[in-house]
2 protein chains.
Amino acid sequence: MSDARTDTEAVERANTAFYEAMERGDFEEISELWLDDAHGAISCVHPGWPVLSGRGEVLRSYALIMANTEYIQFFLTDVRVSVSGDTALVTCTENILSGGPAEDGAELGPLVGQLVVATNVFRRTAEGWRIWSHHGSPVLAESGEEEDDENAS
Amino acid sequence: MSDARTDTEAVERANTAFYEAMERGDFEEISELWLDDAHGAISCVHPGWPVLSGRGEVLRSYALIMANTEYIQFFLTDVRVSVSGDTALVTCTENILSGGPAEDGAELGPLVGQLVVATNVFRRTAEGWRIWSHHGSPVLAESGEEEDDENAS
């Protein structure tokens, strides 16, 4: 049970590191956290996007998103980790606050909130847990709750 | 390589079986295809929904969706399978045609098309490959392509 707890904690740290790297706009760190080609084909779905496959497509998308994001902060909630052997599944809610580049000389564009849920799959490697798949999607209000988030997503 | 090919084919069959069970509205088959609790915590995200965790929540959602779906057909494209040990990752595009219950005596409500991308994670069990996680999300037009799909999602 101690090992299981250690695995779960290590996976949660890798998951947190992924979002912190996004917040810092640290492309090198993002690039390192994704599994390399020798271990298998990675895939990524950003909210509302089609599937991106392979390091080329996936890392280009992060470069593009970072170029268009002046500020981004993730408040993670509902983080659940399930580890099986050398694979781990993480689900979480990304409460996102972000802003694009400013217009007309302001320091920052208007901030928008976004409610996104993510499924992140990690693989154990000699260098630590690495991202095999990320799938994020907007939570759209259907129940009458969270109507404010629908406009932002 | 022969074993790898066999694994990939078996995973693809399990993935197809999942969608065919949905088309038939076969709740028992859906229930069997999801990993049981003894193997770990399952999670499921339907397009626009928050995360559902555990067999109780996940299977209730399928019962609810089936009760509100008179007709559904999945045309799967871009199916990619990546197997690592006892875990497999599948991404695919679900080109969905569906209809709800009819109103005013018609046999079927109006059919709507929907463009959804999915990441499905499978685990190898003694009974075959079983679903550990399903995450589906609407593809929203951003590039000017696929604008027709935005309205349907």
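These questions and answers cover the interface between chain A and chain B in a predicted model.

Visitor: How many residues of chain B are in contact with chain A?
Guide: Contact here means heavy atoms within 4.5 Å. On the chain A side, 30 residues take part. On the chain B side, the number is 29.

Visitor: What share of the buried area do carbon and sulfur atoms give?
Guide: The area buried between chain B and chain A is about 2400 Å². Carbon and sulfur atoms give 62%.

Visitor: Which strand gives the most to the side of chain B that touches chain A?
Guide: β1 (43-45), β3 (71-84), β4 (87-99), β5 (111-125) and β6 (128-138) of chain B each supply at least two residues. By class, that side has 14 nonpolar, 12 polar and three charged residues. The top contributor, with six residues, is β6(B).

Visitor: What kind of axis relates the two copies?
Guide: Chain B superposes on chain A with RMSD 0.0 Å, by a rotation of 180° and 0.0 Å of shift along the axis. The copies are thus related as by a two-fold rotation axis.

Visitor: Which residue of chain B comes closest to the rotation axis?
Guide: Of the interface residues of chain B, 100% are also interface residues in chain A, so the copies meet through the same surface. The closest C-alpha of chain B lies 2.8 Å from the axis. That residue is B:S137.

Methods: Residues numbered from 1 in each chain as written. Chains lettered and ligands numbered in written order. Predicted model: local features only at pLDDT ≥ 70, side-chain atom pairs only at ≥ 80, totals over all residues. Heavy atoms only, no water. Buried area = accessible area lost by both parts, 1.4 Å probe. Helix = DSSP H or I, 4+ residues; strand = E, 2+ residues; numbered from the N terminus. Nonpolar A, V, L, I, M, F, W, Y, C, P; charged D, E, K, R; others polar. Least-squares fit on C-alpha atoms with pLDDT ≥ 70 in both.
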